Number of protein chains: 2
Amino acid sequence: MARVVVEVMPKAEILDPQGQAIHRALGRLGHGGVTDVRQGKRFELEVSDDVTDAQLEEIAESLLANTVIEDWKVIRTEVLA
Amino acid sequence: MARVVVEVMPKAEILDPQGQAIHRALGRLGHGGVTDVRQGKRFELEVSDDVTDAQLEEIAESLLANTVIEDWKVIRTEVLA
């Protein structure tokens with residue numbers, strides 16, 4: 001078994017209303033040192049060892065991200081202990 | 001300026017209906033090798049250098065995560081180039 005993380009973030013040029021709302025809230029709470037906030041999604045997948053990188057990329061592209069407005073990244077993580 | 005990532009995931013013991021829905025959809029799409037899916041949130045914050053770790057932890061705990069059902073992790077990332 002392997003654990004895979006898929007990170008999905010709004011493309012840089014895309015308006016991120018959720019991130020902006022959090023940014024404003026942080027300002028009201030006195031956290032002026034935060035100059036920008038972007039919010040995305042993070043998936044943790046448990047996959048059997050025969051799942052290929054190409055399959056993972058297809059999963060990210062076709063189901064986890066909306067590639068018109070989002071970028072995605074697939075990261076294989078290894079539990080060392 | 002520093003870039004900070006905050007990862008927020010549902011606690012292990014908490015039901016994750018979004019993750020389960022994606023898991024079922026992957027099964028229908030023929031990706032049987034995926035045995036579990038959990039969905040959380042990922043935030044990227046741009047912060048000025050005077051923002052402390054304690055402040056970041058307070059931001060994560062009070063605004064970005066619902067600590068009753070979610071775990072959070074703050075990661076300072078360094079752009080080397």
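The model is predicted.

Strand S1 of chain B covers residues 2–10. Of its 9 residues, 8 are buried, so the strand is mostly covered under the cut-off of 20% relative accessible area. S1(B) pairs with two other strands of chain B. One partner is strand S2 of chain B, residues 34–47. These two strands run antiparallel and are joined by 7 bridges. Within this pairing, Glu7(B) has Arg42(B) as its bridge partner in S2(B). The other partner is strand S3 of chain B, residues 70–77. Here 8 bridges form the link, and the sense is again antiparallel.

S2(A) and S2(B) are antiparallel partners, with 13 bridges between them. One example is Phe43(A), whose bridge partner in S2(B) is Gln39(B).

The contact between the chains draws 30 residues from chain A and 30 residues from chain B. About 2,700 Å² of area is buried between chain A and chain B. Carbon and sulfur atoms give 60% of that area. On the chain A side, three residues stand out: His31(A), Arg42(A) and Glu44(A). Together they supply 22% of the area that chain A buries against chain B, more than any other three residues.

A salt bridge joins the side chains of Arg42(B) and Glu7(A), at 3.3 Å from N to O. Arg42(B) is also the residue that partners Glu7(B) within chain B.

Four elements of chain A each give two or more residues to the side that touches chain B. They are strand S1 (2–10), helix H1 (17–28), strand S2 (34–47) and helix H2 (53–64). S2(A) gives the most, with 14 residues. This is the strand of chain A that pairs with S2(B). By residue class, the side of chain A that touches chain B holds 15 nonpolar, 7 polar and 8 charged residues.

Key
Residues numbered from 1 in each chain as written. Chains lettered and ligands numbered in written order. Predicted model: local features only at pLDDT ≥ 70, side-chain atom pairs only at ≥ 80, totals over all residues. Heavy atoms only, no water. Buried < 20%, exposed > 50% of the residue type's maximum accessible area, 1.4 Å probe, protein only. Pairing = 2+ DSSP bridges. Contact = heavy atoms within 4.5 Å. Buried area = accessible area lost by both parts, 1.4 Å probe. Salt bridge = Lys/Arg side-chain N within 4 Å of Asp/Glu carboxyl O. Nonpolar A, V, L, I, M, F, W, Y, C, P; charged D, E, K, R; others polar.
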